Amino acid sequence: MPVTVGTALSAPGDGAAILDVRPLGGRLYEVTVYSPAMNRAIPVWVSHPDFPAPALYLLNAVDGGESGGPWSNRTDVAQFFADKPVNVITPVGGRASFYTDWIADDPTLGRNMWSTFLIHELPALLESRFQMTGRNAVAGASMSATSALDLALDAPGMYQAVGSYSGCPRTSDALARTYVRSELGTFGANATNMWGADDNPAWAAHDPVLNAERLRGVALYVSAGNGSPGVHEGLFDPSIAGDVGRLADRMAVGGVMESVVRECTDSLVGRLNSLGIPAQVAYRNGTHAWPYWQDDLHDSWPLFAAALGV
């Protein structure tokens with residue numbers, strides 16, 4: 001059954017609603033969804049195979065896909081999934097939000113109720129409109145790697161697989177809180193509006209390392225580089241394209257960031273091992289950069305596909 005397209009498909013009213021479905025060609029659509037929790041319309045990129053299939057929710061990095069562009073602009077996600085029996089869903093927006101529900105509105109970012117949107121508002125609408133089967137995976141890169149794990153904690157049984165690509169899956173210790181606050185501060189946001197002061201129990205409640213037992217039974221893919229030059233730090237890698245300044249910036253900024261990510265990821269991997277929870281772990285040389293996350297998406301797909309039953 002083909003998806004219905006057009007404008008003004010439904011009015012917001014009091015509940016979540018699809019406002020518009022715009023075809024982008026082939027199996028690709030831009031869907032505009034009204035979120036009552038955030039009282040705004042959210043653009044959502046969808047790759048739909050035109051038959052019933054499970055869903056992979058693919059979350060953007062710290063800019064929410066708003067400045068450098070979403071997954072569909074920065075990777076080969078459209079081409080990679082063009083022949084695969086899965087709906088791929090990427091909300092555009094949510095910069096510096098950790099895709100979580102904030103305890104207070106932020107003067108810079110406004111109202112963030114992303115876990116409510118992703119768990120309670122969006123799936124039912126898309127399942128009805130795009131013939132989804134109710135089986136789901138979620139993956140994210142950098143900031144949203146932590147978010148993907150946290151969503152699985154928030155919604156037990158909803159996700160059969162989770163991908164954490166180059167994230168810091170700790171939130172409750174002093175170093176992790178400093179890292180989170182610095183990420184949000186880059187965009188002028190105040191993390192106190194997200195999870196409160198440092199002694200607020202919300203920081204621990206959203207910590208995947210502390211709450212790792214609740215990930216048991218979920219197919220897990222966890223990746224991190226070590227900050228050293230990897231396969232995508234060559235001067236003539238397509239992502240560098242001979243630009244010496246770009247390469248130097250990636251090593252100076254992305255190298256340091258990924259070394260922090262690796263230490264955080266070690267904490268999660270160690271915790272999972274101590275609990276006897278299996279995970280596919282991808283450690284590598286490399287920096288904090290999109291080409292590695294495209295590689296991670298390719299590498300994790302077989303795990304996701306098996307968990308989704310396709």
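A: Residues are buried under 20% relative accessible area, exposed over 50% and partly exposed in between (1.4 Å probe, protein chains only). The model here is predicted, with local features needing pLDDT of at least 70, side-chain atom pairs counting only at pLDDT 80 or more, and totals for chains, interfaces and linings using all residues. Numbering runs from 1 along each chain as its sequence is written, and side-chain values use heavy atoms, without hydrogens and water.

Q: Is Tyr-99 buried or exposed?

A: Tyr-99 has 1% relative accessibility, so Tyr-99 counts as buried. Its phi is positive, about 45°, although Tyr-99 is not a glycine.

Q: Where does Tyr-99 lie?

A: Tyr-99 is in the loop between β5 (87-91) and α3 (114-129); helices (H or I, at least four residues) and strands (E, at least two) are DSSP runs, numbered from the N terminus.

Q: What is the phi of Asn-39?

A: Phi of Asn-39 is near 55°, again a positive value in a residue other than glycine. Asn-39 sits in the loop between β2 (28-35) and β3 (40-47). The relative accessible area of Asn-39 is 53%, so this residue is exposed.

Q: Which residues lie nearest the centre of the largest pocket?

A: A pocket is an open set of points on a 1 Å grid over the protein atoms alone, where a 1.4 Å probe fits, with protein on both sides within 12 Å along at least five of seven lines; lining residues have an atom within 4 Å of a point. Here 18 residues line the largest pocket, and Val-253, Met-257, His-288, Ala-289 and Trp-293 lie nearest its centre. The largest share, six residues, comes from α8.
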